[in-house]
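Please look over the sequence and the structure shown here. The paragraphs that follow lead through the fold step by step.

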Amino acid sequence: MAAGVSRKISAASARAHTRRPKQGTPFQLPSGMFKKILVVFFMGFMAWAYQAIQPPPPKICGSADGPPVTAPRIKLSDGRHLAYKEHGVPKDKAKYKIVYVHGFDSCRHDAVIATSLSPDIIEGLGVYIVSFDRPGYGESDPNPKRTLKSMALDIEELADQLGLGSKFYVAGFSMGGQYLWTCLKYIPHRLAGATLIAPVINYWWPGIPANLSKEAHDQQFPSDRWSNRVAHYIPWLTYWWNTQKWFPACSVIAHSPAILSRQDLELLPRLASRKQYEPQVRQQGEFESLHRDLMIGFGTWEFDPMNLENPFPNNEGLFHIWHGDEDVLVPVSLQRYIAQQVPWINYHELPGAGHMFPHADGMVNAIVKALLIGENSHP
C-alpha cells in the first residue's frame, strides 16, 4: 500500500480557493418603474406633438388683440362679418353687377378685373364690381366651419345685402376661380354669367382620369406636391406641415419666384402696389386663410364639377374659363381636358401666357366683354 502524501496549504491559498469570483451588480429599477418611465415619456411626446400641430387662434379684426376694422362689412346670418370693396359705377346705376372672388394669399384689394378694366368700358357698359375678403383673409372673420357650400352661400348673402338683384355675374381668379364651381353647384339660379380666370384644379376630382391627374401633379414642385397631399389626405396636419422647418413647404406661401413663368416675371412690376396692403392679407393668421384654403381646395369634394348641369341651358348667360398655356402653377393639360368634357364651357387658351396674364395689357377688357356681352376679342 502506498504511503499517503501530506501537503501543507497556506491560509492565503485556502482563502483563494474558497473565495467566489466577484460578479457585477448592475443597477436595477424597481419592478414596473421602467414601464412607468416609458409611459411618461410617451405622454410627454404626444403632448408636445399635439401642441405642435395646433394652430394658434386667429386674431379677429376688431377684437382686443386683433387688427382694426377699416373696411365696410356686412354681418352674415351666422354672425360672421364679410369685408368688401366696391368699384365701378354706383350699383343703382349699373347695368351689369359682378361679384369678384380673389385668389390664394390675396384680399379684396386684389380685384384685377376692376383695377385693370378700362374706364371707357366701366362707364360705357355700366359696370359695378364688388370684391370681398374671403373668410380669414383681410378683414373678414374666419370660418372654422368653412365648406365648399358655405363659400357659395357667402357670395349669395353678400349680393342680397348689397341689393345686387335676383341675378348677378361672378368672376374669380386662381383659387377664387376654383370656388366658382361651388356657385354653379349651389346657387346656379342666381347667376347671370361666370368667368374662371386661371382656376386652380383639385387633382383628386373623380372626373379627371388618374393617369392624367398624376402626370399634371408630377409637374409641380416636390414641395407643392407634398403640401397638396397633406391637405388632401391628412388635413389636420396642414398647419404643422406648412410651418415646420425640416422639409420645404408650399412654394406659393413662400412666394418663390420659381413658380412664375416668363410672362409672369415680366408682369411682376405691375403688382408693386400690393406692398401697400400686403400685410393685411394674413393679418388674422395663416391657418384660417392660407391653410384652410388648401384644405378646402384640395380636400375631398362632395361633388364633381364635370357632372354639373349647364346653368344656362337657354343661352341666357355664359360660362368662361381663361387659361395660359405656360401656367406653371396650374397645368394647362387639366383645363383642356375639362373643356373637352364639358361642352357648355367657353374655353379661352392664351399662347405664351402664365398665371398672372390678367395683368397684361387689354386682357381684362377682353375677359369682361366676353362675360357681359359675349364679345370674343383677345388682345
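Which handedness does the β-α-β unit made by S7, helix H13 and S8 have? This is a predicted model, and in it S7, helix H13 (residues 332–341) and S8 form a right-handed β-α-β unit. The two strands of the unit, S7 (residues 319–324) and S8 (residues 346–350), run parallel and are joined by five bridges.

The chain has 379 residues, and 52% of them are buried. Its secondary structure consists of 14 helices and eight strands. Of the contacts between residues at least 6 apart in sequence, 77% join residues at least 24 apart.

The next topic is the sheet. Eight strands make an open sheet in the order S1-S2-S4-S3-S5-S6-S7-S8, and the pairing is mixed. At its edges are strand S1 (73–75) and S8, each of which pairs on one side only. From one strand to the next, the twist averages 25°.

Several of the pairings can be followed along that order. Strand S2 (residues 81–88) and S4 run antiparallel, with five bridges between them; here Tyr84 has Phe132 in S4 as its bridge partner. S4 pairs with S3 too, this time in the parallel sense and over six bridges. In that pairing the partner of Tyr96 is Val127 in S4. Further along, S6 and S7 run parallel and are joined by four bridges, and Ala194 has Phe319 in S7 as its bridge partner. Helix H6 packs on the sheet and touches S3, strand S5 (168–173), S6 and S7; the direction of H6 makes about 145° with that of S5.

Strand S4 deserves a separate look. How many of the six residues of S4 are buried? The count is six of six, for a strand that spans residues 127–132. In a regular strand the side chains alternate between the two faces of the sheet. In S4, Val127, Ile129 and Ser131 lie on one side and Tyr128, Val130 and Phe132 on the other, and all are buried, so both faces of the strand are covered.

Helix H6 (residues 175–186) also packs against another helix, H5 (residues 148–161), at an angle of about 80° and with the axes 8 Å apart. That angle makes H5 roughly perpendicular to H6, because angles of 65 to 115 degrees count as roughly perpendicular. On the H5 side of the contact are Leu148, Lys149, Met151, Ala152 and Ile155, which meet Tyr179, Thr182, Cys183 and Tyr186 in H6. Sorted by type, the residues of this contact are seven nonpolar, one polar and one charged.

Most residues other than glycine have a negative phi. Asp105 is not a glycine, yet has a positive phi of about 55°. Asp105 sits in the loop between strand S3 (96–101) and helix H3 (112–115), and is buried, with a relative accessible area of 8%. Ala198 is likewise not a glycine and has a positive phi, of about 50°. The loop that holds Ala198 lies between strand S6 (191–197) and helix H7 (210–217). Is Ala198 buried or exposed? Ala198 is buried, with a relative accessible area of 0%.

Leaving aside residues up to four places away in sequence, Gln335 touches Ala198, Pro199, Ile201, Ile321, His323, Val330 and Tyr347. Gln335 and Ile201 are 134 residues apart along the chain, while their C-alpha atoms are separated by 8.1 Å. Gln335 is buried, with a relative accessible area of 1%; this value counts as buried because it falls under 20%.

Conventions:
Residues numbered from 1 in each chain as written. Predicted model: local features only at pLDDT ≥ 70, side-chain atom pairs only at ≥ 80, totals over all residues. Heavy atoms only, no water. Pairing = 2+ DSSP bridges. Right-handed = clockwise from strand over helix to strand, strands pointing away. Axes fitted to C-alpha atoms, helices over the stretch in contact; angles between N-to-C directions. Parallel < 35°, antiparallel > 145°, perpendicular 65-115°, else oblique. Contact = heavy atoms within 4.5 Å. Nonpolar A, V, L, I, M, F, W, Y, C, P; charged D, E, K, R; others polar. Buried < 20%, exposed > 50% of the residue type's maximum accessible area, 1.4 Å probe, protein only.
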